[in-house]
Amino acid sequence: MTLPRSWRDAEKARRRRPRPVTDAPAEIPDSKVGQVDFLLHRSGALDLIDAELAGRPGPDDLPVRTVLADLLLALHYQASANLADACRVLLDQISPTARSWLHVPEIEPGDPWARNAFCQRVYRSFDRLTTALDPARTDRRRRLPLTEAAVHASAWEDADAEHVRRRDLLQQISDRLVLVTVQLAHRRGLFKGWQGDAGTDTTAFPAWHRPHSKRRGLASVEITGGWHFSGGSTEGEFGYSATLLASVSRRHPAGHPAAGTRVSRHPQLILGAALDSPGKRVGPNAVHTLQALVPLGLPIGLLAADRAYTDQVTEHFQSHVRRLGYQLALDYKQDQRGIQGSHLGAALVDGTLACPLMPEPLANVTTGLDDKTVINPDETLQQRLAAREPYFLKRKQGPDRGGAVRFQCPAAGSSPSVTCPRFNRAHRPQAGPPTVVDLTSTRSTSAHLSAKPSVQITPAERLRPPPVKDLPRICRKPTITVRPGDLGKIDKLRQDRPYLGPAWRDAYKPMRAHNEAVNGRAKGHRINIADPKKRLAHGRVAQAILLALMVLMINLLTIQDWFSTTGPEPATTATVKDYDGLTPTPADFNGLPPPPG
């Protein structure tokens with residue numbers, strides 16, 4: 001085979017390689033600068049920041065608004081939240097018009113001293129913000145001794161009024177930055193048809209700095225950092241844990257494949273974020289993200305959570321979630337499956353209240369099963385799981401605003417799922433007129449009581465029935481009311497769909513898959529919250545703010561991808577009043593100040 005002449009001559013091949021037109025950095029359009037500035041104003045975070053910084057001593061550096069908008073632009077175009085990259089954006093990549101919007105002074109491009117002085121102003125402005133919000137400001141340029149660092153770290157855990165106020169203010173600022181895109185998407189109707197289903201998860205948020213060293217007696221620069229261990233992993237990552245709440249959906253609102261395919265179509269946004277030390281406040285952080293959604297008026301549906309949340313103390317997670325109106329879809333560890341306890345005589349079987357006389361082989365069908373068998377149940381296991389569903393208590397009413405649910409005995413009501421001699425003796429149902437059963441109709445024959453499973457009582461109870469007052473509460477009264485926390489410690493195991501049943505599988509599995517997809521998007525090639533090299537700022541306050549800015553930009557990019565895949569983007573001929581902030585500012589705004597918040 002003869003090679004082309006250009007391949008034989010290396011020098012000629014190098015000359016023919018494509019080259020960029022210029023080495024100058026790409027200029028960011030004014031529309032994008034106006035968009036991120038609008039989002040910051042609309043979020044309300046700047047109001048909280050300005051109120052906190054008002055009256056503080058020291059020189060007036062660049063406005064915090066300028067630095068935060070600059071970081072958002074750096075995230076969008078360079079996938080970086082480093083202040084050095086943000087400085088290059090302000091100096092080289094925005095137009096003079098956009099610089100006037102952000103109050104950036106004119107600097108001679110070839111003057112290195114002026115550029116360095118401007119970068120120092122950016123750093124001081126960001127440091128002024130983090131200092132004002134830090135409960136215990138430390139020297140973040142060196143590693144403190146362990147004893148000294150423990151004193152400063154305690155400010156993130158104690159009940160001191162000023163420390164609590166600063167911690168709450170930091171979380172409020174983070175919430176407003178995260179929720180601004182969610183609020184605007186909801187206002188535009190992007191969540192139309194969404195059932196309010198959400199998934200919560202805790203993911204690693206590594207730190208760039210070295211961990212604590214007991215041998216040297218030195219703490220990390222991140223004094224509240226720790227080791228985050230993902231599920232099934234024996235190697236931890238040093239840094240923080242980020243709690244992310246995502247908008248997910250079931251395959252169908254009814255939660256069963258027979259009802260059809262998934263009908264909810266909406267962008268999978270991050271609805272909330274909270275940064276904390278690993279292993280600290282796992283449940284309360286998830287509850288906080290749910291409570292922050294209440295003022296937005298979003299629908300409330302099902303909440304899916306993994307085993308880390310199943311292990312939470314009831315008062316820290318499950319009770320609060322139920323009082324907010326959410327139903328729970330949970331998974332269990334191997335030693336948590338099977339019969340988990342009882343309440344008012346009803347047995348708690350894999351998170352669902354059941355008849356106390358459910359056959360023991362059915363109640364213990366999942367006891368001791370390993371995770372591999374549970375993930376992919378065979379046909380025999382599926383048949384046994386289906387055989388115990390008639391024994392579960394039926395939901396009669398609720399949940400109400402307080403999370404209370406009324407359950408009914410499976411043998412009670414107009415359409416019982418089982419026949420029970422104990423129930424018939426305690427309540428003595430009146431014999432109705434004889435009914436005609438169409439033996440050729442499957443529906444008619446399956447609805448007859450003779451086709452229902454029969455509850456088996458012991459021979460001793462059959463020969464010598466105990467007094468009705470000695471029967472369990474669920475047998476004496478056909479209905480019971482279960483409120484959040486009524487089951488005590490085992491209430492953390494209760495959920496609202498029979499474990500491993502069709503309704504549970506069609507809700508939990510896709511919702512968890514969507515949750516992991518959102519986590520994967522947050523750790524993708526565009527913006528990666530798990531890459532500490534993209535956020536080198538020191539301190540927990542700085543990391544919390546950068547996480548919120550990252551989530552804001554991730555949601556914004558998700559919405560833009562949603563517009564590009566589901567339909568045309570909204571028209572850009574809007575006025576200031578109806579501009580929604582989800583797309584770059586219209587061309588009419590160029591040359592003018594960005595739309596007000």
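# Strands, rings and loops in a predicted model

L302 and A304 point one way from strand β5 (residues 302-305), L303 and A305 point the other way, and all are buried. This is a predicted model.

Colleague: Which strand does β1 (residues 198-206) join through three bridges?
Modeller: The two strands run parallel. Within the pairing, A198 stands opposite L303.

Colleague: Which residue of β6 stands opposite L303?
Modeller: Strand β6 (residues 327-329) runs parallel to β5, and three bridges join them. L303 is one of the buried residues of β5. Its opposite number in β6 is L328.

Colleague: In what order do the strands of the open sheet with β7, β8 and β9 lie?
Modeller: The pairing is antiparallel. β7 (339-343) and β9 (352-354) each have a single partner strand, so one side of each is left without a neighbour in the sheet. The twist averages 35° from one strand to the next. The order is β7-β8-β9.

Colleague: Which residue of β8 stands opposite H343?
Modeller: β7 and strand β8 (residues 346-349) pair over four bridges. The sense of that pairing is antiparallel. Opposite H343 stands A346.

Colleague: Is D350 buried or exposed?
Modeller: D350 lies in the loop between β8 and β9. Its phi is positive, about 50°, although D350 is not a glycine. Relative accessibility is 1%, and the cut-off for buried is under 20%, so D350 counts as buried.

Colleague: Which residue of β12 stands opposite Q408?
Modeller: Strand β11 (residues 405-408) pairs with β12 over four bridges. The pairing is in the antiparallel sense. Opposite Q408 stands T479.

Colleague: How do the rings of Y499 and W504 pair?
Modeller: The structure holds six aromatic pairs. In the pair of Y499 and W504, the ring centres are 5.0 Å apart. Their planes stand at 75°, and over 60 degrees counts as edge-to-face, so the pair is edge-to-face.

Colleague: How do the rings of W504 and Y508 pair?
Modeller: The ring centres of W504 and Y508 are 4.7 Å apart. Their planes stand at 10°, and planes under 30 degrees apart count as stacked, so the pair is stacked.

Colleague: Which helix holds both W504 and Y508?
Modeller: W504 and Y508 are both buried. They lie four residues apart, about one turn of the helix. The helix is α21 (residues 502-522).

Colleague: What relative accessible area does W504 have?
Modeller: Y499, with which W504 forms an edge-to-face pair, counts as buried at 3% relative accessibility. W504 is buried too. The value for W504 is 4%.

Colleague: Which residue lies over the face of F205?
Modeller: The ring of F205 has a charge over it. The distance from the ring centre is 3.6 Å. The residue is R535.

Colleague: Which side chain makes a polar contact of 2.4 Å with that of S95?
Modeller: S95 sits in the loop between α6 (83-93) and α7 (96-101). S95 is buried, with a relative accessible area of 7%. Not counting residues up to four places away in sequence, S95 touches E27 and D30. The polar contact joins the side chain of S95 to that of D30.

Technical notes:
Residues numbered from 1 in each chain as written. Predicted model: local features only at pLDDT ≥ 70, side-chain atom pairs only at ≥ 80, totals over all residues. Heavy atoms only, no water. Phe/Tyr/Trp six-rings, centres within 6.5 Å; stacked < 30°, edge-to-face > 60°. Buried < 20%, exposed > 50% of the residue type's maximum accessible area, 1.4 Å probe, protein only. Lys NZ or Arg CZ within 6 Å of the ring centre and 35° of its normal. Pairing = 2+ DSSP bridges. Axes fitted to C-alpha atoms, helices over the stretch in contact; angles between N-to-C directions. Polar contact = N/O pair within 3.5 Å; in protein donor to acceptor, adjacent residues only side chain to side chain. Contact = heavy atoms within 4.5 Å.
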